[in-house]
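Load the model in a viewer and keep the selection panel open. The stops below are given in the order in which to select them.

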Amino acid sequence: MKEKILLNILHEVQDREGYLSEKSLKEISKKYDIPISKLYSVATFYTMLRIKEQGKYVIELCGSPSCVLNKSREIEKFLEKELKIEIGETSKDGLFSVYKTSCIGCCDEAPAMLINGEPYTKLTVKRVKEILGELRKNANT
Amino acid sequence: MRISVDGKRLEVDGEKTILEICKGLGIKIPTLCYHKSLFPEARCRLCLVDLDGKLVTACSTKAGEGSEIITDSKRVLKARRRNMELMNPGANISELSDDFEAREIYEQVGLDNERFKPIKNYLPELGAALVRDNNKCINCGRCVQVCEKIQAISAVDFASRAHNEHVTPYNEKHLSEIACIKCGQCLINCPVGAISERSHLKEVIKALENPKKHVVAQTAPSIRAALGELFDMEAGTLVTGKMVTALRKCGFDKVFDVDLGADITIMEESAELLKRIKKGGPFPMITTCCPSWILMMEHFYPELIPNMSTCKSPHEMLGMLIKTYYAEKAKVNPKDIVVVSIMPCVAKKFESTRPELNTEVDYVLTTRELGRLIKQKKIDFVNLEEQDFDPTLGIASGAGDIFGNAGGVMEAALRTGYEVATGKRLKSVEFGSLRNFEGIKTGSIKLGDKTIRYACANGGANIRKLLKDKDKYHFMEMMVCPGGCVGGGGQPIYFDEDVLKLRSKALYEQDSKKELRRSHENPIVKEIYKKYLGKPLSRKAERLLHTRYRKRDGF
Amino acid sequence: MQILRETKLEGLKLARKIGRERVLEVLSEKRLIGRGGAGFSVAKKWEIALGVKAKERYVICNADEGEPGTFKDKFILKNNSETMIEGLLIAAYVLGAKRCFIYLRGEYDYLRGELEEKVREVLKESKMKVSIEIVRGAGAYICGEETAILQSMMGNRGNAMYKPPRPTVSGLWGKPTVLNNVETLTCVPQALVYEDWNPDYRLFSISGDVSHPGVYEWELGIKMSTILEVVKPKEKLKAMSFGCFGGIMPVKKNLSISQDTLCKNDCQHGAFSIIFIGERHNVVDICLSIAKFYTYESCGKCTPCREGTIRLVNLLKKIKNRDADEGDVKLLKEFAEHIQETSLCGLGQSCGNHILTSLKHFRKDYREYIK
């Protein structure tokens, strides 16, 4: 039998359910005969795997030096103020979870962030405000 | 292969790691994460040595032809100290009790500076058997490896990464909420005491100080073979008599022998086996002395519940008899009796909280806790005179003594089972095939025209392995700790498996020196059955000495 | 750009025609070395894996570039992934591998759909009986390290392991495994097909305080003045950081970018990522941002890296907050050196470079903050 790639299994579940719930971890554990402690261990090692329910939009703001040189800290502060949360939290309306990542490889278009995996580059506070507005609108329709 | 170590040229085995080579040369290299029976992950990085000008971890590195190793240069010593300084400033290793390896390593490395503040901030977990404090943890990973590889339970693993990396059950649950079998092998392998037993010492001392209480100690078979180590006596020294004297000096009113409980267990268990042979099953019948095995079965193999013997464990049986038979006999109100079991085990602490047992055991102390109590009372243990157990419940057969060894329960059961079933006398009561240090031992014996096949496993992984073949056997003994109770989670911390062999040998010696080596010939056992219980599996015996089990969640 | 030249499966065809021995010879003659930073000969690496007796061998394309300031593999994945896939197939052919993998970093997951499409197309056209599976990384920089990537693929935490055994000898599931990154594998068919293929061309990722950041292809030894003419500084430049690992040094116009010249400045080119830092910045601030990267991405296994990187961050914060004295700077240096000296893998062994080089070249910036 071909060895299964656990990371892909975990991603698939997360794609479907938004995060890796205790229930899903138990199911994966049974199905693939992997101790649940190990699944939790692996899931918490990787920052893009989540073990808690996430906002509808997961924002990952790049924290690389290239982005810092291009004022990503202003974006960070704006996001925290606008969404009334700190990095690592989910907004009260359940729409946004915000994280900081090491580098998303958009250094030539800094500052940048990923929203649900899609890159948004050359950010300014004004542009982030617009993006959030659009996402809010989309979420309501 | 020729290399040089600290300037000395020598011929060495190229397959050995630098750590092993140095150990052979008598050079002590400090390490906290290395363990002989585990994979060297090279996490702690205290075992640094200079290999041809580069600092490498001795535990994970092999030398090459002609290489030069320096183990004690200024650079090496300083690098070790820096890692010690970083390791966990909150752990206060300097205040650690002598029980743990880190104490000695700490002194060897010699911390010269403490320039960092602790960054860990975890809530300690207080369980019925184990206490876990991640603030003391140095992330050596031995508990994780033991739990996964030796015990095949995987109750804990690392979570998160970088400075947030920590050991935890899944989803940050407590050990008490998950399928942890509380064997305490994590504790035995923890170098810094981040995992410790739930102590009952305070409660016991309080009872001892209360003049209205009649406090009774009962000691498990394997305590006498290990307690001496806590007082720097050689491993494998039998200290039965000193132990009894020490307990009396600590203030216990009576000191009884769980080995007698073991004899009674054998009476019940062998009767149960013979009954099943008559009835035709269910087979295999499986022993129930090990509370961690019971937990393992309930969590992971609940389908085996009908296979389990219904016998309570020896100290639970004796505890019950102390508050019934003995209380009647000594005319003491059972309510005033406090039963304290001295056990090699942390799971026994959990066991006495099981409602199914209607336990009469009030507190459980580990061997280490007893050691602490004796030290607190400033008793000069090594030079104590030797006294005997209190005779009412203090005479045991050699069969009871060997319960502390993996394979011992099986051997004891076979001695009695054979002789009761066949009416013949065994020529030799020693079963050689059960006395080696293998993880799985098997054999067969003829009972009349029936061949009874038996098997024993010790260590969780071996139990899982043996269970795959369970249908081949009629009778199985399961001990979760490697080596059986001599290697229990409540025993003195040991660093070398040879220690277990010495402890085990001591118990076999105690057995071989006795005239009385068969449980069914123990005069006290005979008296208890004659005057109190009737016969094995009588209604009274069933009510007092037997129990039941339940299915538990597999996660 | 040389890296964008397409080979349209000509490389694979040629490889099958001339046979695996000859492929190795050609790659060796053409001086193709790995572009991951270690600079090991590709032919040599494949030969070692080939020399190990085994029923199965694996080839992995390491598409987990993640060092801040580096984005050249993304550029290839976006613009010439067919050639990269062809390189993977050539490796599979030479090694007799039946199962290949592309470990794609989680941050590039949006490129996955198109990449899967390309994999299907190229595989179909090549008629090779191999599988190419995409492994979805999940945000762990350390998994770019060759032992960590294997752990990650085998369903473990992405912890770095000590060597030996090397992956080429005992890698994925204990089998000989060849790991090459995106740029290296793209070069393979190009080196085979094109007579004029130049082994000294490198992809540079340029970012920071310049008007034209992006991916450029230059020859080793290129002069800084030439680079600056192209990328156009937005302001007077104070410093340049070679990714996160390579160290920070002043921008010298007459410097040529090669291993030797950079070594003289205690720096390394690594993956040829240059982050330019303008005069208005204090280098300590950039160091703090780099230090945070390490303390976020350390796998946590080794004591010095797990416990040390966070201490470096705390010390740099203290300096930045103007709370520190010379003693703290001394401590910073001592532990930057110590962590590098006693850690297991490349991450820990270079996590102090930015501090040590900035202390050497930009002491003034530190003094500005010191009490």
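**Stop 1: a loop in chain A**

Select A:Thr121: beyond its neighbours within four places in sequence, A:Thr121 is in contact with A:Cys106, A:Glu109 and A:Ala112. Two residues are in contact here if their C-beta atoms, placed from the backbone, lie within 7 Å. This is a predicted model, in which local features need pLDDT of at least 70 and side-chain atom pairs count only at pLDDT 80 or more, while totals for chains, interfaces and linings use all residues. Residues are numbered from 1 along each chain as its sequence is written, and chains are lettered from A and ligands numbered from 1 in the order in which they are written.

A:Thr121 lies in the loop between β4 (118-120) and α6 (125-140) of chain A. Helices (H or I, at least four residues) and strands (E, at least two) are DSSP runs, numbered from the N terminus. A:Thr121 is partly exposed, with 16 other C-beta atoms within 10 Å. For this label, a residue is buried if 20 or more other C-beta atoms lie within 10 Å of its own, exposed if 12 or fewer, and partly exposed in between, with C-beta atoms placed from the backbone.

Next, select A:Asn116, in the loop between β3 (113-115) and β4 of chain A. A:Asn116 is not a glycine, yet has a positive phi of about 45 degrees. A:Asn116 counts as partly exposed, with 14 C-beta neighbours inside 10 Å.

**Stop 2: where chain C touches chain A**

Show chains A and C together. Their contact takes 43 residues from chain C and 32 residues from chain A. On the side of chain C that touches chain A, β3 (131-136), α7 (146-153), β5 (201-208), β9 (273-278) and α11 (283-297) of chain C each supply at least two residues. The largest share of that side, 7 residues, comes from α11(C). By class, the side of chain C that touches chain A has 17 nonpolar, 16 polar and 10 charged residues. In this scheme Ala, Val, Leu, Ile, Met, Phe, Trp, Tyr, Cys and Pro count as nonpolar, Asp, Glu, Lys and Arg as charged, and the others, Gly among them, as polar.

**Stop 3: an open sheet in chain B**

Move to chain B, where 5 strands form an open sheet of mixed pairing, in the order β2-β1-β5-β3-β4. Two strands pair if DSSP finds at least two bridges between them. Which strands stand at the edges? They are β2 (8-11) and β4 (54-57) of chain B, each with a single partner strand, so one side of each is left without a neighbour in the sheet. Direction ignored, neighbouring strands of this sheet are turned by 35 degrees against each other on average.

Select β3 (residues 48-51) of chain B: 4 bridges join it to β4(B), and the two run antiparallel. B:Leu48 has B:Thr57 in β4(B) as its bridge partner.

Keep α2(B) selected and show chain C. In all, 22 residues of chain B are in contact with 23 residues of chain C. The largest share of the side of chain B that touches chain C, 5 residues, comes from α2(B). The residues of that side divide into 11 nonpolar, 4 polar and 7 charged.

**Stop 4: a helix pair and a loop in chain B**

Select helix α8 (residues 258-279) and helix α17 (residues 523-533) of chain B, which pack at an angle of about 60 degrees with their axes 10 Å apart. B:Leu260, B:Asp263, B:Ile264 and B:Met267 in α8(B) meet B:Ile524, B:Val525 and B:Ile528 in α17(B). This contact divides into 6 nonpolar, no polar and 1 charged residue.

Follow the chain into the loop between α8 and β13 (285-286) of chain B, where B:Pro282 is found. The peptide bond joining B:Gly281 and B:Pro282 is cis, with omega about -5 degrees. B:Pro284 is found in the loop between α8 and β13 of chain B too, and the bond from B:Phe283 to B:Pro284 is cis, with omega near -10 degrees.

Note on methods: Axes fitted to C-alpha atoms, helices over the stretch in contact; angles between N-to-C directions.
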